[in-house]
Amino acid sequence: MLSGWAIISTALLYLLLLFAVASYGDRKAATKRSERRGRPVIYALSLAVYCTSWTYFGGVGLAAERGYEFLAIYIGPILMFTVGMPVIRRIVHLAKTEKLTSIADFLGARYGKNPTIAAVVALIAVIGTIPYIALQLKAVSSSVTIMVSDAALEGLGPFFPTDVSLMLALLLAGFAVIFGTRHTDATEHQNGLILAVATESVVKLLAFTAVGLFVTFFLFSGPADLFEKATGDGRVMEALNYNTAPARWLTLIMLSAFAIVILPRQFHVTVVENRTESELRTARYLFPLYLVAINLFVIPIAIAGLLFFGDPGSGDQFVLQLPLANDIGWLSLATFIGGFSAATAMVIVASVAVAIMISNDLVMPTLLRRNIIRRDSDWSDFTGAILKIRRTAIFVILL
């Protein structure tokens, strides 16, 4: 177990770092200097918001029970960004031509700019995204619980909030409000937000890779040694030889292919935040490479976890438990921050994307229909109302 103060302080310092990165991104954009340099790479890395805490923790858990089935979740996106790139280009082109700001706007526009369809899609997005965000907050809380004893949390003092999920929700809501609701025009690029998300993509990849290298080359003498020991363990071989039905493979691949475009957060980073064709060209190879890289060590970590702990039911915890069980404090802390990054990136972008839909497709149309806000009102009235709605929606969603 690590010190409660060490865990909480590191998480807070990491959030402060994200604030600094996002502020730098906004300042850099404001100067208009070197705006294009590095932007395609940042854009491609921001797409890795697809890799949530499920990728970081749950992929290993699934591999510990069902072997290679977890790969289906990534085959779909890889196919979409390679052979399916013409479809993505077409979606981006249509969205830019019609100044669309969300998946709700896009689907509504495809049916004659039907506001009812847009509202239904927005409602579905809200209902589907809230439990998904809750899972990310739960993942962070579970990580803290694994790494810090109850006594350590109590030792933080009577005035320190020990409800990690609530504290994190409030902090992330503040971040999303500051860097995700600066403009009423949602087609304006959120430079600081996207730079912060791209940074988090790098952090979670480095942290997961560090655990994988530790497992493969320090706990064992390399891949050959790891797989040799795996062949002698019945639970490992049962997982690796798990027979996933072809229909399930196909279903998972198709769902993930659709998800990489139509999940609210993915539509936002892929379509709304896209600027140029060069960004898509870079993403065509860099994003699939990222998905391959972050999954390289899933099977080795799952095997090591089964060999050390034996229980496939606790596979979601292997990424954290392996460094902890071997008393590698710095790696345990780095692993925690990697999972923290995976969760917070998703929460921030998803809350901003859903808040835009709530304001544009649910609340504002209702206010206009009921004449609470008049169509001939001053634009400043609309600006203030839209920003208040989005900021309130972000806090309500996270709470």
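Modeller: A residue counts as buried under 20% relative accessible area, as exposed over 50% and as partly exposed in between (1.4 Å probe, protein chains only). The model is predicted, so local features need pLDDT of at least 70 and side-chain atom pairs pLDDT 80 or more, while totals for chains, interfaces and linings use all residues. Residues are numbered from 1 along each chain as its sequence is written, and side-chain values use heavy atoms, without hydrogens or water.

Let's start with two loop lysines. Lysine 99 sits in the loop that links helix H5 (85–97) to helix H6 (103–110), helices being DSSP runs (H or I, at least four residues) numbered from the N terminus. With a relative accessibility of 63%, lysine 99 is classed as exposed. Its phi is near 55°, positive although the residue is not glycine. Lysine 113 is placed in the loop between H6 and helix H7 (115–147). Its phi, too, is positive and near 55° in a non-glycine residue, and its relative accessible area of 58% makes lysine 113 exposed. For context, most residues other than glycine have a negative phi.

Next comes helix H11 (residues 223–230), whose buried residues are Asp225, Leu226 and Ala230. On the face of H11 turned away from that buried side are the exposed residues Ala224 and Glu228. Among the elements covering the buried residues of H11 are helix H12 (234–240) and helix H16 (298–309).

Beyond its neighbours within four places in sequence, isoleucine 301 is in contact (heavy atoms within 4.5 Å) with Val60, Phe208, Val211, Gly212, Val215, Phe318, Val319 and Leu322.

Finally, a helix pair. The axes of helix H14 (residues 264–272) and helix H18 (residues 329–369) cross at roughly 90° and come within 8 Å; axes are lines fitted to C-alpha atoms over the stretch in contact, with angles from 0 to 180 degrees between N-to-C directions. H14 contributes Pro264, Arg265, His268 and Val269 to this contact, while H18 contributes Met346, Val349, Ala350, Ala353, Val354, Ile356 and Met357.
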